[in-house]
Amino acid sequence: MTARNIFLWSPSAIVFDCDGTLMDTEQHWQEARNITFRLFGLKPPTGFADRAKGVHYIECGALMAEETGKPNLGDDLAATLLTTFTALVDQNPVTMPGAAALVRLTARHLPLAVASNCPREMVESCLHRAGLLSSFSHVVVAGEDVRPKPEPDVYRVAARLCGVPPEEALAVEDSFTGMESARRAGLRVIGIGPHPKGPEAKHADLWVPSLADHELVRWAGSWIDA
């Protein structure tokens, strides 16, 4: 779907990613990864931050272990990573530009959900401290019966809980991992960040630099007026 076509469509529900989309936590994940590497006396492999973006923390711990040649440390790395990240976020929760305004605007008209790879307590704590938790009807996280992104489970469950077919829901994501999850679930996708070149551009139906983008906000306003 082209940007022009998506502006002619209105979603029946919106499912937001949390980390890097609603909350500016990628800086915390990066710092937590670096601290964890240092605590275990390991050196971050070149380009690791890009490969780890949007990855579930347990899988990130396994990736850290694999890429540093310490396969037996996966569980310990993951546990330390989560503990460190939690402490950093608790000290300084920050919303992404435009996130709070867009959530409050769309919550007046549509059911909203969050789909995240992070633990529920972390997602809900971040959103609560940002004053946004009450705007969401549902928070869906990876768990025992819900596989993490890039599997489609979190988005598929979120759309169902919102009471709409996946093709009538809109996903808002900042990572290719999350975009793949949403597309596999059947949702249309807004990608947050610079418009990529080449095949990666097809991960999203529309790319915007931030949730404060004027064209995005105007489009969201049209749902309220409809």
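Is serine 134 buried or exposed, and what is its relative accessibility? Serine 134 counts as exposed, because its relative accessibility is 72%. Here exposed means over 50% relative accessible area, buried under 20%, and partly exposed in between (1.4 Å probe, protein chains only).

The model is predicted; local features need pLDDT of at least 70, side-chain atom pairs count only at pLDDT 80 or more, and totals for chains, interfaces and linings use all residues. Residues are numbered from 1 along each chain as its sequence is written, and side-chain values use heavy atoms, with hydrogens and water left out.

**View 1. The two domains.** The domain assignment gives domain 1 (3-23 + 94-223) and domain 2 (26-91). Such bounds come from an automatic or database domain assignment. The domain centres, taken over C-alpha atoms, are separated by 25 Å. Twelve residues from domain 1 and 13 residues from domain 2 make the contact. Contact means heavy atoms within 4.5 Å.

**View 2. Helix 5 and its cover.** Helix 5 covers residues 74-91, 18 residues in all. Helices (H or I, at least four residues) and strands (E, at least two) are DSSP runs, numbered from the N terminus. From first C-alpha to last, helix 5 reaches 26 Å, close to the 26 Å expected at 1.5 Å a residue. The expected span is 1.5 Å times one less than the number of residues. The buried residues of helix 5 are Gly74, Leu77, Ala78, Leu81, Leu82, Thr84, Phe85, Leu88 and Val89. Their cover includes helix 2 (26-39), helix 4 (57-67) and helix 7 (120-129).

**View 3. Helix 5 against helix 7.** The axes of helix 5 and helix 7 come within 11 Å and cross at roughly 10 degrees. That crossing makes helix 5 roughly parallel to helix 7. Helix 5 contributes Phe85, Thr86, Val89, Asp90 and Gln91 to the contact, and helix 7 contributes Met122, Cys126 and Arg129. By class, the contact has four nonpolar, two polar and two charged residues. Axes are lines fitted to C-alpha atoms, for helices over the stretch in contact, and angles run from 0 to 180 degrees between N-to-C directions. Angles under 35 degrees count as roughly parallel, over 145 as roughly antiparallel, 65 to 115 as roughly perpendicular and the rest as oblique. Ala, Val, Leu, Ile, Met, Phe, Trp, Tyr, Cys and Pro count as nonpolar, Asp, Glu, Lys and Arg as charged, and the others, Gly among them, as polar.

**View 4. Helix 2 and its partners.** Helix 2 has 14 residues and reaches 20 Å from its first C-alpha to its last. That is close to the 20 Å expected at 1.5 Å a residue. Its buried residues are His28, Trp29, Ala32, Arg33, Ile35, Thr36 and Phe37. They pack against helix 3, helix 4 and helix 5. Glutamate 31 lies in helix 2. At 39% relative accessibility, glutamate 31 counts as partly exposed. Glycine 41 follows helix 2 and has a positive phi, near 70 degrees.

View 5. Buried in helix 4 are Tyr57, Cys60, Gly61, Leu63, Met64 and Ala65. These residues pack against helix 2, helix 3 (48-52) and helix 5. Just after helix 4, glycine 69 takes a positive phi of about 70 degrees. Asparagine 72 is in the loop between helix 4 and helix 5. Asparagine 72 is exposed, with a relative accessible area of 75%.

View 6. Threonine 21 sits in the loop between strand 1 (13-16) and helix 2. Its relative accessible area is 1%, so threonine 21 is buried. Leaving aside neighbours within four places in sequence, threonine 21 is in contact with Phe16, Met96, Ala99, Val172, Glu173, Asp174 and Leu211. Serine 210 is in the loop between strand 6 (206-208) and helix 10 (214-225). Serine 210 counts as buried at 19% relative accessibility.

**View 7. Loops on either side of strand 3.** Serine 134 is found in the loop between helix 7 and strand 3 (138-141). Proline 150 lies in the loop between strand 3 and helix 8 (153-162). A cis peptide bond joins lysine 149 and proline 150, with omega about 15 degrees.
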